[in-house]
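Subject: Structure handover

Hi,

Here is the structure we talked about. My notes follow below it.

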Amino acid sequence: MKRVNASDYAETIIKAIPKGVLVTTKTDRVNSMVIGWGTYGVEWGRPIFAIYIREGRFTREQLDRNPEFTVNIPLGETQPDILKICGWQSGRNIDKVKEAGLTLVQDDDFSVPGVKEFPLTLECRVVFRQKQEIALIDEKFHGAYPQDVPGTNPMANRDAHIAYYGEIVGAYIAE
Ligand SMILES: Cc1cc2nc3c(=O)[nH]c(=O)nc-3n(C[C@H](O)[C@H](O)[C@H](O)COP(=O)(O)O)c2cc1C
């Protein structure tokens, strides 16, 4: 792995998010999910990557058990099959690392691995978490929370998001 400064890749990171990047978590198993929302910035004088994870996701359970994650960002073309499996299937039901053919790259100094296929890796430690209160969200976005879809389905959208702010404690390119 080649260590880098995350800020040197700020434009790459921000442009990649709406196209889909991965968030990887690890407990007794590793799981990756696709996110399309995320915020890269600064708070408490530290570089922060915030992710917004709906309450029903398996990733939420993983983060409750180990509050560290990596953000995995493509450099170049993404592989649509990986996005399809990691964005439409829950780790509750399948082993996504195996099914999506992810090659994990372990950093000895961080609990959660990176993913070679999405090589730009941000190592993040959760320093703040908060469930978003739908009543406080601008009404124009309330369509994102249809209340008629059950909570644990991978495409379930009724739940609010939990914002997890991860302090970026390391960054590298997985090789
Ligand atoms: C392009 C795309 C973007 C997504 N963005 C998010 C997101 O920002 N937050 C979220 O909670 N789910 C998002 N999802 C849905 C999750 O990836 C999906 O529910 C996944 O199955 C969750 O995996 P898990 O249950 O293993 O955690 C997105 C899905 C796609 C395809």
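Strand S3 gives the most to the shell around the ligand: four residues. Helices (H or I, at least four residues) and strands (E, at least two) are DSSP runs, numbered from the N terminus.

This is a predicted model: local features need pLDDT of at least 70, side-chain atom pairs count only at pLDDT 80 or more, and totals for chains, interfaces and linings use all residues. Residues are numbered from 1 along each chain as its sequence is written.

The ligand site:
- S3 (30–35), S5 (46–54), H2 (58–65) and H3 (80–88) each supply at least two shell residues.
- The ligand is surrounded by 20 residues, counted when the C-beta atom, placed from the backbone, lies within 6 Å.
- Gly36, Thr59, Gly87, Ser90 and Gly91 are the closest.
- The shell splits into nine nonpolar, eight polar and three charged residues. Nonpolar means Ala, Val, Leu, Ile, Met, Phe, Trp, Tyr, Cys and Pro; charged means Asp, Glu, Lys and Arg; the others, Gly among them, are polar.

The fold:
- The protein chain has four helices and 10 strands. Their order from the N terminus is β-α-β-β-β-β-α-β-α-α-β-β-β-β.
- Of the contacts with a separation of 6 or more, 75% join residues 24 or more positions apart. A contact needs C-beta atoms, placed from the backbone, within 7 Å.
- Of the 175 residues, 31% count as buried, with 20 or more other C-beta atoms (placed from the backbone) within 10 Å of their own.
- Along the principal axes, the C-alpha atoms fill a box of roughly 45 × 40 × 30 Å.

Best wishes

Conventions. A residue is buried if 20 or more other C-beta atoms lie within 10 Å of its own, exposed if 12 or fewer, and partly exposed in between; C-beta atoms are placed from the backbone. Two residues are in contact if their C-beta atoms, placed from the backbone, lie within 7 Å.
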